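This briefing goes with the structure shown below. Please keep the sequence and the 3D view at hand while reading.

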Amino acid sequence: MKMDKKMVVSSSPHIRTTESVQSVMTDVLIALFPVALMAVLLFGYKALVTMAISIATTMLVEALWLRKRDVFSDGSAAVTGLLFAMVLPPAPPWWLVVVGAASAIIIGKQVFGGIGYNIFNPALVGRAIVVMSWGGHLVGRIWSAPQPFIFGADISAVTTATPLAGHEEALAVSLTQLFIGNTAGCLGETSALALLIGGIWLFYKGHIDWRIPGGYIGTVFVMGILFGGGFYDNHLLTGLFYVMAGGVMLGAIFMATDMVTSPITHKGKLIFGIGCGLITMLIRIWGTMPEGVTFAILIMNAITPIIDRFTVPQQFGGG
Amino acid sequence: MKVNNPYLQDLTQGIVKENPTFRLLLGMCPLLGVTAYIVNGLGMGLAATAVLIASNLVISMLRNFIPPQVRIPCFIVIIATFVTIIEMVLQAFQPVLYEALGVFVPLIVVNCIILGRAEAFASKKPVLRSLSDGIGMGIGFTLGLVILATVREIIGQGTIFGPDPESAIHLFGANYEPMALFAQPAGAFIALGLLLGMVNVIFKRFNI
């Protein structure tokens, strides 16, 4: 027996994780699958086209920027591309998708030094840029109505208002509709059910912490009860409406929990989630825009370093 | 390349090596505020250049008479005089441009480039060298304004030489939907950041 082989002397770390950036990003893509599937079921082939253009653009731009031959690489570009498609209306013009996806990668991520260094969530940077540039295609317009389970339907022919536009529009949809996703909205934000399935998968894999989505959705729920206008008889239902309508679920589960751009401490994550919820509801109820998830998360991204600095946990046994 | 002529050196320094826009990052306020159109950027640049040359000249002449304790108020008075002249000239002969530039014309008084050159250069150097420094810095600032305005107008409006419909040239045809972000100040920051990055890359390549 060779004893010397049994005793390996090395410095720490002794336990290594099998997780890599690629495995985490693959898990996120799997989590997004039910959301994407629901989008295709609701909005038909145009949703698929939008997603394909977006993902192809982000992966290609990133590969060109980094001069890599491996287009998928660590998978972060694909996640950004799919998430960016999720916050677009079902049938935007193709050039809008290309410009938005390319600026998500270049201005949102690569100018800061690539993955791990970006201050803002790249997909939301892309959305903010296209919203500011071509607002007419994205906000304030009559939205494409979903045509459930008709794959080849021409969705741009049937339009309806977003439920967040006002009280009448809100009462036009039932909470069940909002839960299933059979309502007007961005590709990925309509179906609360699909988003929950994706969120549970991410939670099971340990990639997200309950504090950010919990704080975010909880704050929106409470503020919806208190200030939502109470257009349902039961104020609890009004709170539920504000959670399920619009992009809160998508933002809370997939955007705000981005590892790079959210705080790392437990207390900080809770503050981050609550802050996102507060800003979202401020914009929704008292602002001029019907929806505020994008800018809420971007603003909280900006103050993440400050949150981290002020919530440093005490060292065990220390000071 | 070694230039021995100090006047030429002062002149080129402001245009390339110490370009106020791309290297010193001075005068950001008018740079971001008025560069939605090339015409406005050029007008702003020329107005600031005229003030800069004149104030550099006068401050350099008076540099031995201004007591150091009160030099900044003295500089401001001299600069404000020339800004007022320029403002009146613009109002009289270029009313459209004057309207477009708005508050940024009186704000030339507190432009960091002009005060900075007065403090760092004109108050210490002879008259002719201050003059060439003023010309160089002025050209550099105008260049920066025009480059940024060109990028912003082409992307943000789809035209060049707007906003006057008679001179505006539409580059991409009627179906082009301009990227409105670049017409707004937020887009000016993004465009400036990207331009700064490009300028740094070019300068590094040529070892400037």
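In this predicted model, H4(A) passes H5(A) in a crossing that is right-handed. Helix H4 covers residues 94-106 of chain A and helix H5 covers residues 122-133 of chain A.

- The axes of the two helices come within 8 Å and cross at roughly 135°.
- H4(A) is therefore oblique to H5(A).
- On the H4(A) side, the contact is made by A:Leu96, A:Val99, A:Gly100, A:Ala101, A:Ser103, A:Ala104 and A:Ile105.
- On the H5(A) side, the residues are A:Pro122, A:Ala123, A:Val125, A:Gly126, A:Arg127, A:Ile129 and A:Val130.
- Sorted by class, this contact has 10 nonpolar, three polar and one charged residues.

**Where chain A touches chain B**
- Six residues of chain A are in contact with eight residues of chain B.
- On the chain A side, five of the residues are nonpolar, one is polar and none is charged.

**Chain B**
- Eight helices and two strands are found in chain B.
- Along the sequence, their order is α-α-α-α-α-α-α-β-β-α.
- Chain B is as compact as a globular protein of 208 residues, because its radius of gyration of 18 Å is close to the 17 Å given by the globule rule.
- The C-alpha trace of chain B spans about 60 × 45 × 25 Å along its principal axes.
- Buried residues make up 38% of the 208 residues of chain B.
- Of the contacts in chain B between residues at least 6 apart in sequence, 77% join residues at least 24 apart.

Terms used. Residues numbered from 1 in each chain as written. Chains lettered and ligands numbered in written order. Predicted model: local features only at pLDDT ≥ 70, side-chain atom pairs only at ≥ 80, totals over all residues. Axes fitted to C-alpha atoms, helices over the stretch in contact; angles between N-to-C directions. Helix = DSSP H or I, 4+ residues; strand = E, 2+ residues; numbered from the N terminus. Parallel < 35°, antiparallel > 145°, perpendicular 65-115°, else oblique. Left-handed = near helix turned anticlockwise from the far one by under 90°. Contact = placed C-beta atoms within 7 Å. Nonpolar A, V, L, I, M, F, W, Y, C, P; charged D, E, K, R; others polar. Rg over C-alpha atoms; globule rule 2.2 N^0.38 Å. Buried ≥ 20, exposed ≤ 12 C-beta atoms within 10 Å, placed from the backbone.
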